[in-house]
Every structure is written in structure tokens, then in C-alpha cells.
Amino acid sequence: MRKTVMAGLVLSLGAALALFSQNTEAPYPPAQGEAPAAFDGQTNGLADQPTHAADQVKFDEIEQISDGLGPLYNAQSCRECHQNPTSEGGSQTAELRVGHRGANGQFENPSIPINELQERVPDTETIQATRMSVNLFGDGFVEAVADQTLLDIARDQCHSTHGRICGQVLYVPILEAPGKTSVGRFGWKDQHASLLSFAGDAYLNEMGITNKLFPDEITLLCNTVSEPNDTPGADGLEDIDRFARFIRATKAPPRDAALAETPEAREGSRLFDKIGCNTCHVRTMATAPAATVINGGAFTVPDSLGNKQFYPYGDFLLHNVDTGDGIAVAMEEHYGKAATKRTWMKFSYQDLQTAANKVRTAPLWGVRTHSRLMHDGDSLTLTDAIKRHGGEAEEIREKFRRLKPMQKEALLTFLRSL
Ligand code: HEC
Ligand code: HEC
């Protein structure tokens, strides 16, 4: 049966100085190569092409009840929500997240037992929000960015704006390295730092398929297949290992090169920096050197991802731009039942709550492929999305508002080239 909130009752469920001195070409930290960018379905070199193609078959595969699908699920394949313009892209799918505020004013997950299989959100859950699907292109490079780089960006951003824009860093559990954490960078709430952890989370919460990182079903109602559902194949790899390898091996979203070269887009690009959009939508970033051990010791940056410069137009940090949904990252849903009983280095429940009204800066690479914008998908035009920026971004939004019509149009043309 289709679930309409997610687990826990998700019912269905550096910017080093260079960056701020407008020298937008200087990467942070310095890099030796460029991350390849294209929507061509080809590997970035992390896996060979036949392996990459075979991993895609897994990512695109429609799962069956005999594979462990359900009992509750949002979709039957990763591709259902990640497919535009090719497998791994975003989609128009939005998910519903709900909860309520407890006696102490803090966000709490729904407290209704999932076994009642609510088809509709009960009145008790007064916080309701939708979250758009996102694209996964180039995420291997994002994963390979050193924690220190994100910490430096946060520090420099706060310093250069005299405390007006200070992205929050969130340390999150690396499930394949129990007890270890890293700086979160994936999901609208930065709820994960590791693509393998995210793949395990998605396999359970989107498709109901238990795996080595998420061994507990959300409900045992109608459960017929033995646990965990995701078991190793002949090569010792489970589906979630293949999903993670598939995502790590994809190229970054490419620019629309023809549009990017027009005088109008170039002028828009200049204005984007001039009014300070790049304070949060950081243009250039670089990965850690090859052989750097990340993800709490569970992953070593390979040559194909090491020391590569890429252009995310995002800082992967959490900001309050007045669009917050009040929902804090849920421990059990995103990190599994066992995680709630364990101690995680540098992890703080208070930090999760502090971030309840913050959203990760949407990386703008590939934004031309998104038909609905912002975490909730409520903005249908780029102008609407920009107008919704308040809070930390208010001053910069006002600078946008004061641009001449032709300058606004140029900035939008630049965004359409991303
Ligand atoms: C029902 C729709 C749906 C399905 C199916 C789905 N996803 Fe997602 N995915 C989303 C949404 C929505 C988000 C953003 C979630 C959020 O942050 O709240 C997301 C985010 C992600 C991210 C974070 C990417 C980033 O850059 O922040 C990864 C990785 C991911 N999904 C992997 C997967 C994998 C692997 C599968 C299959 C096991 C999968 N997803 C299945 C909807 C889906
Ligand atoms: C204080 C940091 C900050 C500044 C400054 C900022 N943004 Fe954003 N931007 C964000 C955050 C955070 C989001 C996601 C908000 C959400 O989803 O609720 C976002 C989302 C967006 C989106 C939607 C992208 C998508 O895929 O949904 C666009 C477009 C955008 N910003 C453009 C701009 C432009 C243009 C400027 C300069 C006028 C700007 N931003 C300045 C933080 C910032």
C-alpha cells in the first residue's frame, strides 16, 4: 500500500578570501583538475562504463514485494523520483513531512502508531511541509569535499558579512562508521554527509526496503519477506552499495554553454556576485585530495574525485531565509532505531533543533531542469523564488529588487544557463 507520510510517520510518505573579493574564478581550496560535467550517462571515471551502466539498472529497477518492497512505500524505484533529464535527476515529486511542537516548544515527530496506517494526516500534526526531490548529479564531488572546507566557508561568510549571513554546520551520523559523524551536505536539511547512508535511508523510507544500515521495518504489518530485504549479491555488494557507487560516479550538471556565453548571461553572472547572491550560492568549490579518508574512515577519495574543482552555486550550509518549515531532522527516521541509543562524536540534538527553521542553500547547478523551486516546490518562477528570500538573505534580496528591469532580466538569464 502507498504510504503518504514518511517514517516516524512521515506518513506518505570557501570560500576563502578570494571568493569574497569577487575573484570568482579562484576555487577553494586550490584544485588540480575540473570535475567533468555532462548529462550523458557516462561515468566520471570512478567506475568503468559497463559497471556504471549496470549500477544504473539497479537504480532504475522497479522493486517487487518479493524484493522486500513495502509494506509502506512512496515509490517502487529510485528513478521514479530522480529522473529529469536522465536517471539521477530531480523530478516534480514532492513529499509530505509532518509533526507537531511538544510541551517544550521543540519539534516532535508524529506520535500516532504507524500500524493504524493513516491515509491522512491527523489534526494533531500541525506542522506540515512538502519537500521537493533534488538532483543527484555531481554528488560524488560534494561528498568528497573536506569537512574543513565547509567549516571555512561558514566562518569566512560570517566574517565577511559582519555576522549577517552565517551558515550553520550540522554534524550528522555516518551510519557505516558507527559513532562517527561528518558535516551534513545532502538533503534539504543537510541530514546526511555520506551517499551510502542516504541510499540506505532512501531505500527504507521511500521504498520500505530494509538494508544493512536500516535493518528495522517501519511496521511489521503485512511483512512477508525476511530481513534485511537488501542482501549481498555474488560480488558481495548490496543494492545500496550500488546506488552509492552509481551516484558517486556521475558527472556534475553541465551549464547551457550557448546561453552562458551570451553577453546578457555574462552580465547577469557579474550582477549575481555584485549583489552578493554568491555569499551563499558559492560558485566554486574543490574536493579533498585523492587518498583522503572521509566518512569516518569508511570511504577513501579516489583519483576520479580527488582535487577536483566544481561549480555547485551553493555552500551546503543551513540558513534561515524565512522559508523554514519548523521540522527538525528526525533521529530515528534518518539514522535508524539503533542510532538513538548510541553516542555520536560531535553530534548535538540541540543543533538539530536550532536548524528546524533553516534550509540548505539550494545548489543552483542544474536549476534549469527544475520546474518547481525551493524546498517546498511552492515557487514556480525564478523571480518568485528570489522574492521569497528573507531572513539572512533579506538585504541581498532588496539589492535584487532595486536592480533595473534589464539587469534583473540579465540575472535571470544567467540563472537559466545553470
Ligand atoms: C518518492 C520519491 C523518492 C524516491 C523513490 C527516492 N527519492 Fe531520493 N529524494 C527524494 C526527495 C524528496 C529528496 C529530498 C529529501 C529531503 O531532503 O527531505 C531526495 C534526496 C535524495 C538524495 C540527496 C541528494 C542531495 O544532493 O541532497 C539522495 C542521495 C537520494 N535522494 C538518493 C535516493 C536513492 C538512492 C533512492 C532509491 C533507493 C531514492 N533517492 C529514492 C525523493 C525520492
Ligand atoms: C543567506 C543565503 C542566501 C542568499 C544570500 C541567497 N540565497 Fe538563494 N537560496 C538560499 C536558500 C537557503 C535557498 C533554499 C530555500 C528553500 O528552499 O526554502 C535558496 C534557494 C534559491 C533558489 C531556488 C533554487 C531551487 O532549486 O529551488 C534560487 C533560484 C535562488 N536561491 C537564487 C538566489 C539569488 C538570485 C540570490 C541573490 C539575489 C540568492 N539566491 C541569494 C540561500 C540564499
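His-281 sits in the loop between α8 (263–274) and β7 (285–286), and His-389 in the loop between α11 (382–387) and α12 (394–401), so that the pair links distant parts of the chain, 108 residues apart. Helices (H or I, at least four residues) and strands (E, at least two) are DSSP runs, numbered from the N terminus.

Ideal angles for six octahedral donors are 90 or 180 degrees. His-281 is buried at a relative accessible area of 11% (buried means under 20%, exposed over 50%, partly exposed in between, with a 1.4 Å probe and protein chains only).

## Basis of the model

This is a predicted model, in which local features need pLDDT of at least 70 and side-chain atom pairs count only at pLDDT 80 or more, while totals for chains, interfaces and linings use all residues. Residues are numbered from 1 along each chain as its sequence is written, chains are lettered from A and ligands numbered from 1 in the order in which they are written, and side-chain values use heavy atoms, with hydrogens and water left out.

## Ligand 1 and its shell

For the iron atom of ligand 1, the protein supplies a single donor, His-82 (NE2), 2.1 Å away. His-82 belongs to the loop between α2 (49–60) and β2 (94–101). There are 27 residues around ligand 1, of which Cys-78, Cys-81, His-82, Asp-139 and Gly-187 come nearest; a residue is near a molecule if one of its heavy atoms lies within 4 Å of it.

Oxygen atoms of ligand 1 lie 2.7 Å from a side-chain N or O atom of Asp-139, from a backbone N or O atom of Gly-187 and from a backbone N or O atom of Trp-188. Elements giving two or more residues to the shell are β2, β4 (127–132) and α5 (195–207). The largest share, 6 residues, comes from α5. By residue type the shell holds 14 nonpolar, 7 polar and 6 charged residues (Ala, Val, Leu, Ile, Met, Phe, Trp, Tyr, Cys and Pro count as nonpolar, Asp, Glu, Lys and Arg as charged, and the others, Gly among them, as polar).

Glu-88 is buried, at 0% relative accessibility. Most residues other than glycine have a negative phi, and most peptide bonds are trans.

## Disulfide

The structure holds 1 disulfide, which joins Cys-158 to Cys-166 with an S to S distance of 2.0 Å (a disulfide is a pair of cysteine sulfur atoms within 2.5 Å). The disulfide is right-handed because the torsion about its S-S bond is about 65 degrees. Cys-158 is partly exposed at 24% relative accessible area, and Cys-166 is partly exposed at 25%.

How values were computed:
Donors are N, O and S atoms within 2.8 Å of the metal (3.2 Å for Na, K and Ca); water is not among the atoms, so sites may look incomplete. A polar contact is a pair of N or O atoms within 3.5 Å; within protein, one must be able to donate a hydrogen and the other to accept it, and residues adjacent in sequence count only if both atoms are side-chain atoms.
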